[in-house]
Amino acid sequence: MVIAIGFEGSANKIGIGIIQDGKVLSNPRHTFITPPGTGFLPSDTAKHHQQHVLNILQQALDDSKITLKEIDCVCFTKGPGMGAPLVSTAIVARTLAQLWDKPLVAVNHCIGHIEMGRLITGAINPVVLYVSGGNTQVISYSQQCYRIFGETIDMAIGNCLDRFARVLKLSNDPSPGYNIEQMAKKGKKFIELPYSVKGMDVSFSGILSFIEGAAKKMMKNKECTAEDLCFSLQETLFAMLIEITERAMAHCGSSEVLIVGGVGCNKRLQEMMGIMAKERNAVLFATDESFCIDNGAMIAQAGYEMFRTGHVTPIEDTWCTQRYRTDQVRVTWRD
């Protein structure tokens with residue numbers, strides 16, 4: 001029996017989760033929400049994490065009903081992510097590991113999402129579409145590595161949606177992407193936007209620039225509504241992602257596709273991916289916001305897999321990095 005505690009704080013959510021042999025014992029988190037039309041600065045986000053981490057830790061321990069002695073390893077997000085929040089969270093994990101005399105495991109944030117998705121859905125060997133505020137990648141496992149088949153060449157899809165939400169002054173509660181999704185459901189007119197797929201990669205910055213420039217003019221002239229623009233943006237971005245995901249599935253001969261990351265809980269994205277999967281006689285796997293959105297349990301789960309195959313991070317190697325690619329990690333726990 002192995003019990004792992006995971007600390008996640010790479011962006012605007014501070015989360016702590018506890019896993020026991022693949023069973024989620026607790027998974028509380030707290031989100032830093034800023035006023036409409038604004039984003040979140042690294043320094044302010046780090047202060048938020050510092051203010052809430054100990055309360056979240058106590059809640060995680062209370063929910064799990066375990067004692068400190070029962071914890072086998074302390075896992076934390078090494079990267080990728082925002083520098084100040086990453087470091088703030090890692091300092092807490094390092095301090096507690098030394099106080100509790102427990103080994104540390106530094107986890108790749110992206111692999112945390114993948115392993116949590118595999119655990120919750122039961123997917124065996126899927127092509128993975130990883131979509132979040134800071135990352136957009138199409139991934140498949142091969143020979144002890146998560147290989148990246150395609151990715152964004154500029155900004156992540158979540159960042160693209162968030163920035164357009166700021167243009168429309170949408171609320172950041174519970175998230176800009178969620179509020180765009182609700183607006184898009186009311187859209188009736190499709191506005192043609194640039195479609196930018198480059199081989200197996202995608203580009204979102206040009207689409208964002210185009211729709212930012214068109215939004216004020218078109219709404220002022222009553223050519224369309226804000227809801228129409230949200231609808232059009234979602235449909236275009238998601239179509240691009242499904243195109244490169246389907247191409248990866250064809251290359252790998254895969255009959256499974258898994259969507260992970262914060263944008264992955266978008267119902268329209270799941271619906272569009274489900275249509276593609278059905279046409280290929282494949283199966284779609286996806287989770288709800290409790291596990292799609294950044295959380296501590298996903299870090300605990302990935303750390304658990306690493307720990308049980310002999311991986312421990314020496315204290316001198318527990319630094320953080322904003323750029324930590326998915327394909328840099330040796331996946332020792334899969335055949």
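A crossing of two helices is right-handed if the near helix is turned clockwise from the far one by less than a right angle. Keep that in mind as you move through this predicted model.

**First stop: H6 and H7.** Select residues 205–220 for helix H6 and residues 226–252 for helix H7. Their crossing is right-handed. Now show side chains: from H6, pick Ile 207, Ile 211, Ala 215 and Met 219, which meet Ala 226, Leu 229, Leu 233, Leu 237 and Met 240 of H7. This contact consists of nine nonpolar residues, with no polar and no charged ones.

**Second stop: H4 and H6.** On the H4 side, select Cys 160, Arg 163, Phe 164 and Val 167; on the H6 side, Leu 208, Ile 211, Glu 212 and Ala 215. Six of these contact residues are nonpolar, none polar and two charged.

**Last stop: H3.** Go to residues 109–121, helix H3. From first C-alpha to last, its 13 residues reach 19 Å, close to the expected 18 Å. How many residues of H3 are buried? The count is 11 of 13, so select them and see a helix that is mostly covered. Among the buried residues are His 109, Cys 110, His 113, Glu 115, Arg 118 and Thr 121.

How values were computed: Residues numbered from 1 in each chain as written. Predicted model: local features only at pLDDT ≥ 70, side-chain atom pairs only at ≥ 80, totals over all residues. Heavy atoms only, no water. Axes fitted to C-alpha atoms, helices over the stretch in contact; angles between N-to-C directions. Helix = DSSP H or I, 4+ residues; strand = E, 2+ residues; numbered from the N terminus. Contact = heavy atoms within 4.5 Å. Nonpolar A, V, L, I, M, F, W, Y, C, P; charged D, E, K, R; others polar. Expected span 1.5 Å × (residues − 1). Buried < 20%, exposed > 50% of the residue type's maximum accessible area, 1.4 Å probe, protein only.
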